[in-house]
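The following exercises concern side-chain packing and pairing in a protein chain.

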Amino acid sequence: MDVLDIDAYAERSKPLDLACVDWAAVPRHRLAPETIRVLRYMQDIESHTIVYERELAKTRAIDEPEITTFLACWLFEETSHGRALARFLEVAGHRPVVRARSRTTLVERLEWAATGLVARAWPRFVAVHMTWGAINELSTLTGYQRLLEVEPHPVLRDLLAGIVRDEARHFAFYFKQAERRLALPGTARVARFLVDRFWGPVGTGVAPAAETRFVATHLFGGADGRDAARRIDATIRRLPGFADVDLVEAWVDRHVEPVDACVSRTAA
């Protein structure tokens with residue numbers, strides 16, 4: 001499917017198909033405590049999408065019909081991910097995260113104030129939004145793939161496989177939009193400046209920083225995880241103006257202690 005054909009994209013948009021999920025089998029398989037913690041984080045952030053879209057609606061992004069159509073589909077699908085993960089947690093005997101979405105953190109308020117200023121001052125703001133979205137969707141997609149690799153729960157694996165398919169489509173739309181918009185004169189330079197200085201992993205400013213670090217450690221702390229982080233950066237480097245960008249792997253290097261080091265210290 002051509003992800004830039006927004007009519008075709010909208011026609012295929014639907015909530016996550018849960019008809020074939022064997023919910024009765026969920027409690028019969030053990031979940032690692034680390035997996036439960038990661039799932040609660042993911043469910044919380046997926047459910048927070050409506051807040052992100054609410055703020056985007058205050059920017060010039062809503063002036064572009066193809067972007068608003070995509071965002072409507074994106075919100076619908078991401079919300080279904082949050083609901084599916086919440087249901088899985090409940091069936092497995094664990095509480096999902098429930099928070100008042102009308103209350104925002106100071107970090108969020110500052111971030112959206114800055115976003116509003118850039119959006120009003122710069123006509124090509126949507127290029128930054130698409131680039132930021134591409135980075136975050138690829139990070140999210142890779143995070144789900146890493147959880148599939150480390151967690152053997154069979155029902156969860158089926159559920160995550162469906163979410164991964166949706167996230168791949170979301171990433172493809174953001175990436176192709178960013179690629180097209182960053183090619184305009186001067187656009188990549190501004191977008192790169194903003195990403196270099198203000199980008200943070202998905203969930204930054206929403207979930208507690210300790211939870212973000214825990215999720216990053218569990219999914220990206222080992223050798224396989226570092227390789228996955230490296231692949232994210234390699235993909236984003238294909239965007240105009242981002243050939244030497246160092247994002248996810250650099251963040252992991254700064255904030256995540258290698259799993260091997262943790263194991264060695266514990267053994268000692």
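The exercises below treat the nonpolar core, the aromatic pairs, the charges over rings and the salt bridges of this predicted model.

**Exercise 1. The nonpolar core**

Task: Determine how many residues the largest nonpolar core has and which of them have the most contacts inside it.

Solution. 
1. The largest nonpolar core comprises 76 residues.
2. Those with the most contacts inside this core are Phe-70, Leu-85, Phe-88, Leu-160, Leu-182, Trp-199 and Phe-242.
3. The element that gives the most to this core is helix H6 (residues 125–150), with 13 residues.

**Exercise 2. Rings around Tyr-174**

Task: Classify the pair formed by the rings of Phe-70 and Tyr-174 from the angle between their planes, and state where in the chain the two residues lie.

Solution. 
1. The structure contains 7 aromatic pairs.
2. In the pair of Phe-70 and Tyr-174, the ring centres are 5.1 Å apart and the planes stand at 85°. Planes over 60 degrees apart count as edge-to-face, so this pair is edge-to-face.
3. Phe-70 belongs to helix H4 (residues 65–91) and Tyr-174 to helix H7 (residues 154–182); the pair thus links distant parts of the chain, 104 residues apart.
4. Buried means under 20% relative accessible area. Phe-70, with a relative accessible area of 0%, is therefore buried, and Tyr-174 is buried because its value is 1%.
5. Tyr-174 also forms an edge-to-face pair with Trp-74, at 6.2 Å centre to centre and 85° between the planes. Here too helix H4 and helix H7 are linked, with Trp-74 and Tyr-174 100 residues apart. Trp-74 is buried, as is Tyr-174.
6. Phe-70, Trp-74 and Tyr-174 are among the members of one aromatic cluster, which also includes Tyr-9, Tyr-52 and Phe-173.

**Exercise 3. Charges over rings**

Task: Find the ring over which the charged end of Arg-37 sits, and the ring whose face Arg-192 lies over.

Solution. 
1. For Arg-37 the ring is that of Phe-214, with the charged end 3.9 Å from the ring centre.
2. For Arg-192 the ring is that of Phe-242, at 5.7 Å from the ring centre. Phe-242 is also one of the residues with the most contacts inside the largest nonpolar core.

**Exercise 4. Salt bridges**

Task: State how many salt bridges are counted, and decide whether Arg-181 and Glu-64 are buried or partly exposed.

Solution. 
1. The count comes to 17 salt bridges.
2. Arg-181 and Glu-64 join their side chains in one of them, at 2.6 Å from N to O. This pair spans distant parts of the chain: Arg-181 lies in helix H7, Glu-64 in the loop between helix H3 (49–56) and H4, 117 residues apart.
3. With 11% relative accessibility Arg-181 counts as buried, whereas Glu-64, at 24%, counts as partly exposed.
4. Both residues take part in a network of salt bridges that links Glu-64, Glu-66, Arg-180 and Arg-181.
5. A further salt bridge joins Glu-249 and Arg-230 (2.9 Å, N to O). Glu-249 lies in helix H11 (residues 248–255) and Arg-230 in helix H10 (residues 223–236), 19 residues apart. Glu-249 is buried, at a relative accessible area of 15%, while Arg-230 is partly exposed, at 37%.

Terms used. Residues are numbered from 1 along each chain as its sequence is written. This is a predicted model: local features need pLDDT of at least 70, side-chain atom pairs count only at pLDDT 80 or more; totals for chains, interfaces and linings use all residues. Side-chain values use heavy atoms; hydrogens and water are left out. A nonpolar core is a set of buried Ala, Val, Leu, Ile, Met, Phe, Trp, Tyr and Cys residues joined through side-chain atoms within 4.5 Å. Buried means under 20% relative accessible area, exposed over 50%, partly exposed in between (1.4 Å probe, protein chains only). Helices (H or I, at least four residues) and strands (E, at least two) are DSSP runs, numbered from the N terminus. Rings of Phe, Tyr and Trp (its six-membered ring) pair if their centres lie within 6.5 Å; planes under 30 degrees apart count as stacked, over 60 as edge-to-face and the rest as tilted. A charge sits over a ring if NZ of Lys or CZ of Arg is within 6 Å of the ring centre and within 35 degrees of the ring normal. A salt bridge is a side-chain nitrogen of Lys or Arg within 4 Å of a carboxyl oxygen of Asp or Glu.
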